[in-house]
Amino acid sequence: MDLRGKRVLITGASRGIGESLAHAFAGAGAVVALVARSEEAIQTLAAELGGAAHPADLSNPTQVATLIQRVEDEAGPIDVLVNNAALGTPGGFADASGDELRQVTEVNYLAPAELCRQAIPACFAAAAVTSSISPLGQALSYSPAW
Ligand SMILES: NC(=O)c1ccc[n+]([C@@H]2O[C@H](COP(=O)([O-])OP(=O)(O)OC[C@H]3O[C@@H](n4cnc5c(N)ncnc54)[C@H](OP(=O)(O)O)[C@@H]3O)[C@@H](O)[C@H]2O)c1
């Protein structure tokens with residue numbers, strides 16, 4: 001896939017797989033928009049890769065609601081959305097508190113769903129893709145070509 005000039009939004013880009021994906025997409029010529037709570041980490045990475053940092057807490061529906069608009073106002077329509085950010089669930093399901101359950105649901109399901117919902121119209125127009133790699137988010141994977 002030719003990614004030169006493609007605008008790629010990657011959540012959870014401050015470390016781990018998201019950081020590696022940011023390097024890979026930028027190395028393939030894409031313009032990356034990096035999302036995580038760790039502002040300094042994504043600003044440093046964005047400066048290194050020639051992209052942009054968009055700090056956001058994906059457990060906060062208000063911040064999620066405006067994220068796509070923030071990115072598109074700065075860079076234009078998103079071609080590729082990578083829903084990578086996710087919270088692990090170290091304990092047993094029944095041992096989790098109500099707050100933990102709500103936070104996991106916000107970050108791993110509702111935020112990817114909302115970002116897909118908002119990004120898909122522009123992706124459709126460009127025949128581009130959205131991709132979710134978090135466990136619950138996989139249910140939202142979408143590509144008009146598949
Ligand atoms: N590692 C594996 O072996 C493995 C295997 C299968 C699937 N996966 C999936 O791959 C993805 C990444 O895994 P990883 O191991 O790279 O994870 P990780 O090292 O724990 O990184 C998680 C990323 O998500 C961000 N994040 C967490 N909560 C957030 C929130 N509330 N708002 C915004 N960003 C948030 C973190 O940034 P901040 O803390 O700065 O916000 C961080 O950049 C996950 O979806 C995971 O389920 C991983």
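**View 1. The shell around the ligand in the predicted model, with helix α1 as its main contributor.** In this predicted model, helix α1, which spans residues 16–27, gives the most to the shell around the ligand, namely 3 residues. The shell holds 23 residues, and those that come nearest to the ligand are Gly12, Gly16, Arg37, Ser38 and Ala86.

**View 2. Thr105 in helix α4.** Thr105 belongs to helix α4, which covers residues 98–126. Is this residue buried, exposed or partly exposed? Thr105 has 14 other C-beta atoms within 10 Å, and because a residue needs 20 or more to be buried and 12 or fewer to be exposed, Thr105 counts as partly exposed. From Thr105 to Ala86 there is a separation of 19 residues in sequence, while the distance in space between their C-alpha atoms is 9.6 Å.

**View 3. The largest nonpolar core.** This core contains 38 residues, and among them Val8, Ile10, Val32 and Leu34 touch the most other members. Two or more residues are given to the core by each of the strands β1 (7–11), β2 (31–35), β3 (52–53) and β4 (80–83), and likewise by each of the helices α1, α2 (39–49), α3 (61–75) and α4. Helix α4 supplies the largest share of the core, with 7 residues.

**View 4. Ile10 and the residues that it touches.** Leaving aside residues up to four places away in sequence, Ile10 touches Gly18, Leu21, Ala22, Phe25, Val32, Leu34, Val35, Val82 and Asn84. Two of these partners, Val32 and Leu34, are listed together with Ile10 among the residues that touch the most other members of the core.

**View 5. The protein chain and the confidence of its prediction.** The protein chain has 4 helices and 5 strands, and when it is read along the sequence these elements follow the pattern β-α-β-α-β-α-β-α-β. Of the 146 residues in the chain, 40% are buried. Among contacts between residues at least 6 apart in sequence, 58% join residues that are at least 24 apart. The average pLDDT of the chain is 88, and 85% of the residues score at least 70. Over residues 135–146, however, the pLDDT is below 50, although this stretch has 23 contacts in the model beyond near neighbours in sequence.

Conventions: Residues are numbered from 1 along each chain as its sequence is written. This is a predicted model: local features need pLDDT of at least 70, side-chain atom pairs count only at pLDDT 80 or more; totals for chains, interfaces and linings use all residues. pLDDT is the predictor's confidence in each residue, from 0 to 100. Two residues are in contact if their C-beta atoms, placed from the backbone, lie within 7 Å. A residue is near a molecule or strand if its C-beta atom, placed from the backbone, lies within 6 Å of it. A nonpolar core is a set of buried Ala, Val, Leu, Ile, Met, Phe, Trp, Tyr and Cys residues joined through C-beta atoms within 7 Å.
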